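Subject: Structure handover

Hello,

Here is the structure I said I would pass on. Please have a look at it first; my notes on what was found follow below.

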Amino acid sequence: MIPIAKPLIGEKEKELVMEVLSSGMIAQGPKVKEFEKNWAEYNGVKHAVAVSSGTAALHVALLAHGIGPGDEVITSPFTFIASANSILYCGAKPVFADIEEKTYNISPEKIKQKITDKTKAIMPIHLYGQSADMKEIMEIAQDHDLRVVEDACQAHGAELSGKMVGTYSTGAFSFYPTKNMTTGEGGVITTDDAALDEKMRMLREHGSKVRYSHEILGYNYRMTDVSAAIGIAQLGRLSFCNEARIKNAAYLDKKLAGLDGIITPYVMKGAKHVYHQYTIRVTTESGWERDAFAKMLNEKGIGTGIHYPIPLHKQAVYRDLGYSDVLPAAEKMAHEVLSLPIHPSVTVKDLDYIAETIRSALK
Ligand SMILES: *Cc1c(COP(=O)(O)O)cnc(C)c1O
């Protein structure tokens with residue numbers, strides 16, 4: 001089976017983790033500090049705050065921006081559930097704006113239509129490793145005095161117009177094992193704002209700056225030094241891994257070009273797509289129904305993923321909250337998207353096999 005995702009763990013990760021275990025200092029300590037410094041440098045930002053997950057990163061980022069009860073945050077319905085749930089955690093209301101079919105990312109036009117006098121922030125998601133339309137989104141935010149929290153949990157190292165995602169505003173990243181790099185579980189928030197940095201460090205640490213003095217309600221969202229050690233080694237190979245994904249994606253693009261009913265990923269002008277997922281659309285012209293197509297590939301030894309089969313507004317948890325939106329693009333994409341393996345361990349032979357299997361299934 002060619003798996004849909006596979007973390008690359010090497011000797012460096014093992015060496016650094018052993019160093020931490022031998023040190024006796026295994027919770028948040030010097031390795032977290034070093035990882036934060038490296039992450040800030042890699043992204044070209046002043047501050048990076050490491051936390052226990054991408055979900056925690058989103059939650060802390062929203063809280064630091066003052067999002068709370070009564071506020072509305074406009075976000076995409078076509079993402080992992082953590083994106084919108086982090087808004088609910090703040091007691092605020094996620095408001096879903098539909099996506100653009102081409103990029104799968106939130107539509108700036110649809111955002112504008114959802115702005116009310118309660119809107120406090122926009123949370124774009126850089127889905128599958130491609131930046132949302134940040135130029136437009138930052139303009140809308142400026143015009144309406146809105147905060148922006150970027151969900152960059154799938155987009156480590158992605159860029160738009162030469163600028164890293166997560167640096168247009170406050171960025172939240174995840175290091176779950178299927179992402180482009182991992183720390184086991186983990187996350188990080190990026191910002192250039194010293195006041196936000198300080199607030200986020202307090203939120204991560206039970207609201208304290210000085211031990212046992214608690215100024216605000218905070219959480220235990222710390223990253224461990226064991227995770228940070230893995231992260232330091234992983235960050236060292238992130239560029240290599242992203243380049244491998246980009247190369248594999250370009251290869252599949254070529255091999256799958258011109259097939260009826262198969263739409264390969266669209267890359268926005270000026271975007272550096274890092275292909276957290278290589279997601280095609282299987283449309284009715286293919287003669288296949290997407291789920292049957294996926295099953296056929298799985299039976300032939302090709303792992304696939306469906307990101308995501310149910311848009312958030314259709315999830316039971318949101319329906320129970322009274323959501324009844326109709327968001328045609330997200331709903332259509334949920335029926336058509338299919339992710340294929342392109343992670344760094346996928347070989348050219350694997351890619352040829354994937355492409356040939358798809359080609360012959362369409363004949
Ligand atoms: C993975 C992911 C998250 C959550 O990250 P965790 O580390 O699993 O908590 C949030 N948003 C998106 C878009 C993700 O892909």
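How far is an oxygen atom of the ligand from an N or O atom in the side chain of glutamine 154? The distance is 2.8 Å. Please keep in mind throughout that this is a predicted model.

The ligand

In lysine 179, an N or O atom of the side chain is 2.6 Å from an oxygen atom of the ligand. In aspartate 151, a polar side-chain atom lies 2.8 Å from a nitrogen atom of the ligand. The protein buries 93% of the 380 Å² that the ligand exposes when taken alone.

As for where the ligand sits, the space it takes is the largest pocket. Two elements each give two or more residues to the shell around the ligand: helix H3, residues 54–64, and helix H4, residues 82–89. Of these, H3 provides the largest share of the shell, with 3 residues.

In total, 15 residues surround the ligand. Sorted by class, the shell consists of 8 polar, 5 nonpolar and 2 charged residues.

Aromatic pairs

There are 14 aromatic pairs in the structure. One of them is formed by phenylalanine 96 and tyrosine 323; the pair is tilted, with 5.4 Å from centre to centre and 55° between the planes. Phenylalanine 96 belongs to strand E3 (residues 93–96), while tyrosine 323 is in the loop between helix H11 (316–319) and helix H12 (328–336), so this pair ties together parts that lie 227 residues apart in sequence.

Backbone

Two places in the backbone are also on my list. Histidine 307 and tyrosine 308 are joined by a cis peptide bond, with omega at about 15°. Tyrosine 308 is in the loop between helix H10 (290–299) and H11.

Regards

Notes:
Residues are numbered from 1 along each chain as its sequence is written. This is a predicted model: local features need pLDDT of at least 70, side-chain atom pairs count only at pLDDT 80 or more; totals for chains, interfaces and linings use all residues. Side-chain values use heavy atoms; hydrogens and water are left out. A residue is near a molecule or strand if one of its heavy atoms lies within 4 Å of it. A polar contact is a pair of N or O atoms within 3.5 Å; within protein, one must be able to donate a hydrogen and the other to accept it, and residues adjacent in sequence count only if both atoms are side-chain atoms. Accessible areas come from the Shrake-Rupley method with a 1.4 Å probe; for residues, only the protein chains shown count as cover. On a 1 Å grid over the protein atoms alone, a cavity is a set of points where a 1.4 Å probe fits but cannot get out, and a pocket is an open set with protein on both sides within 12 Å along at least five of seven lines; lining residues have an atom within 4 Å of a point. A molecule sits in a cavity or pocket if more than half of its atoms lie within 2 Å of its grid points. Helices (H or I, at least four residues) and strands (E, at least two) are DSSP runs, numbered from the N terminus. Ala, Val, Leu, Ile, Met, Phe, Trp, Tyr, Cys and Pro count as nonpolar, Asp, Glu, Lys and Arg as charged, and the others, Gly among them, as polar. Rings of Phe, Tyr and Trp (its six-membered ring) pair if their centres lie within 6.5 Å; planes under 30 degrees apart count as stacked, over 60 as edge-to-face and the rest as tilted.
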